[in-house]
Structure formats: C-alpha cells, structure tokens
Amino acid sequence: MNTRREFLSQLGLATAGLGLSALVPESLFAAEAAKKFTFEISLAEFSFASELFTGKMKNMDFPARAKNEFGVSVLEYVSGFFNNKHTDQTYLKELKQRCDDLGMKNHLIMVDGENIASLDAAKRQKAAEAHHAWIDAAKYLGCSSIRVNLGDAMSALSGKGEEGTMEEVGKAAADGYQKVCEYAGTVGLNVIVENHFGYSTDPDWLVGVMKQVKAKNKGFLPDFGNFCAERSKPASMDLKGIMATKCVKEHDKYEGTKKMMPYTKGISAKTHKFDANGNDIDTDFIKMFKIIKASGWTGGYVGIEYEGGLMRDLGGDTSYLPNAEGIMATKKLLERVQKELA
C-alpha cells in the first residue's frame, strides 16, 4: 500500500517543494485507502455439526457460542439445523432477539433444499418456490444472503452422478437460479452459490452458469474444501459413510478460486487439520488469500468452516481437533492472514 507521500511522488508533486499537495483531491487518497485488503471473520454453523446432529447443541445456541467462546459476531446458519422452524415466526423472533441482545450480525443461511437445477421444469419451479420461505426467514433475521446449491446433493455424493449432461444441467441450473434470484431481489437479498458437489465442483461449469444469469444479486461463495470432482463410493449412505469417502479427483482449488473471484460475495475458509505451526494442511492460506487479494476483492466476510471436529466425532480419529479447538485454530490462521496481507 502506497503512503500519501509515495502517492504524491508518483504524481511528480512531492519533491517539487511547491506545496501542491493541497491541490490534490482528497478523493484520490480515499481511493488509495479503499484498496487496502481487509475482511471480516464470520462463523459457519456447520463447524458445530457433530454437536448439532446429536442434539448436544441447538440452533438457538449458535449466537451465544459464537460470541462468548470465539469472539465472532457474524453468523452463517445452516438450514437443516432449523428443524423446519424457518416458517415459525415465534421461533424466528426469539432467535433474532437473542442475536440483537448479543450484538450479532446474521449474515447468511446456507440452504440445502430442493434441487433448483432439476431437468424437470415442474420440479425445478417447485424447488425455486421452496426457497422463498428461506429468503423470507433470512430477510427477517437481517441476513444479506442465502446460499443455494446447483444440483442434487444425494445423487452426487452417492456416486450416481447428475441426472443429465453438464450442458443440460447447466442450462437448468441457470433457469432455477435466476428464479430464486428474482424473488430474493424483491426483498434485497443476495443468492450465492457454493462449489459443493457434482458439477458444481467444476469452477468452469459454475462460471458458465453464472454468465447465463442476469440477476444483479447473484454471486459465488468459494469453499476451499469443495473442489473434489470425484469421491470414493461411500460404504454406507449415511453421514458417517459419506464423510469417510476420499477424494480421488480434484480441481485445482487455487485456479478454481481465481476463476470464481469476479463474482464472489463471500469466502468459505474450510479447514480440517493443522500442522505444528497452525497452518491448514490442505490449503495454503497465504497463497490462497494472495489470489483473493489480487482479484481486488475486499471488505467482505470470510467464514470459518471447521469440519475436523465432525470427522473426529464420526470416526474417533483424535488427530482432528475437537470443534472448539479447530474453530479457534482457524480464526487464528485467518487473523494471521489479515496481518500479513493487510
């Protein structure tokens, strides 16, 4: 980042000794300052997945835990942990009140709903309409976005693959996504897409879909851990079986993120394990955030999404940190990135 003096020097004014700095519009300095790379750290609720799945923690507990245990005040919810109470106004009112009392910002709901990329036009329309209630809930809670999927999760994760070709599903995805964006646009919410499973792990496919959608409230949520194009077949079709699968073919996460950045409205900083120096073993965070910085992206939210605790609790592998320790390790890593790349 250039200092004020260096900036004047580039204009040929600083060394002139003529006191011309006052003639340079302050807007130029403001523009330079605005380029400073920064982001705010948010917390994805899936980081507590093992506790939420087993009932040790409730969705309603999320705001207080984020604030009191980790000092994070921006929240990213997961639709499944609402237990279908997203249309219950009494429930939403209590959740919002808890957040307001704690001074929390509700930023995002990650919606894992019906398939808006279905090749069946009627099913696709129904799926898009099913997202309306989530948009309404997100708006009430004060969120700025919902996250949607482009494809059928279970088909992709089970190894059955998508229901059509990349081109067919891409066209359907653009249509379904456009429909969801249109409704969200009426209440001022963004609808963002994560690289998640199936075709959506392919950044080129995602960009192709995004180019077909005309809505201004579209965008991406690049996830560092979701560029796996093909996984081993799960031993069982339950959470434990799916989470135990191995990636056998992966898109380049750094190139993938770079391609997604022109449309990006948030970052999902997924982690699993850390080395002795506190670095994530799967993703070089400094390398990744240099790419993000170079794109010109600044001022958005970067979400902590720690999955190692779930892996630990499902498989008993103690090389993964427990939820709380992994969340804090990810936060410290992101704070180091902020300091080094500011």
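The following questions and answers concern a predicted model, taking its sheet, a helix pair and a pocket in turn.

User: In what order do the 8 strands of the open sheet stand?
Analyst: The 8 strands form an open sheet whose pairing is parallel, and the twist averages 30° from one strand to the next. At the edges stand β6 (218–221) and β9 (267–271), each with a single partner strand, so one side of each is left without a neighbour in the sheet. Read across, the order is β6-β5-β4-β3-β2-β1-β10-β9.

User: Which residue in β10 is the bridge partner of Ile 267?
Analyst: Strand β9 runs parallel to β10 (residues 301–306), and 5 bridges join the two. Within β10, the residue that partners Ile 267 is Val 302.

User: What angle does the direction of helix α4 make with that of β2?
Analyst: Helix α4 (residues 62–70) packs on the sheet, where it touches both β1 (40–44) and β2 (74–78). Between the direction of α4 and that of β2 the angle is about 140°.

User: At roughly what angle do the axes of helices α7 and α9 cross?
Analyst: His 132, Ile 135 and Asp 136 in α7 meet Val 180, Tyr 183 and Ala 184 in α9, a contact that divides into 4 nonpolar, 1 polar and 1 charged residues. The crossing is right-handed. The axes of α7 (residues 132–141) and α9 (residues 166–185) come within 10 Å, and they cross at roughly 35°.

User: What volume does the second largest pocket have?
Analyst: Its lining includes Leu 52, Met 57, Lys 58, Phe 81 and Tyr 91, and by class the whole lining has 6 nonpolar, 3 polar and 2 charged residues. The volume of this second largest pocket is about 160 Å³.

Terms used
Residues are numbered from 1 along each chain as its sequence is written. This is a predicted model: local features need pLDDT of at least 70, side-chain atom pairs count only at pLDDT 80 or more; totals for chains, interfaces and linings use all residues. Side-chain values use heavy atoms; hydrogens and water are left out. Axes are lines fitted to C-alpha atoms, for helices over the stretch in contact, and angles run from 0 to 180 degrees between N-to-C directions. Helices (H or I, at least four residues) and strands (E, at least two) are DSSP runs, numbered from the N terminus. A crossing is left-handed if the near helix is turned anticlockwise from the far one by less than a right angle, and right-handed if clockwise. Contact means heavy atoms within 4.5 Å. Ala, Val, Leu, Ile, Met, Phe, Trp, Tyr, Cys and Pro count as nonpolar, Asp, Glu, Lys and Arg as charged, and the others, Gly among them, as polar. On a 1 Å grid over the protein atoms alone, a cavity is a set of points where a 1.4 Å probe fits but cannot get out, and a pocket is an open set with protein on both sides within 12 Å along at least five of seven lines; lining residues have an atom within 4 Å of a point. Grid points are joined across faces, edges and corners, and a volume is the space filled by probe spheres set on the points. Two strands pair if DSSP finds at least two bridges between them.
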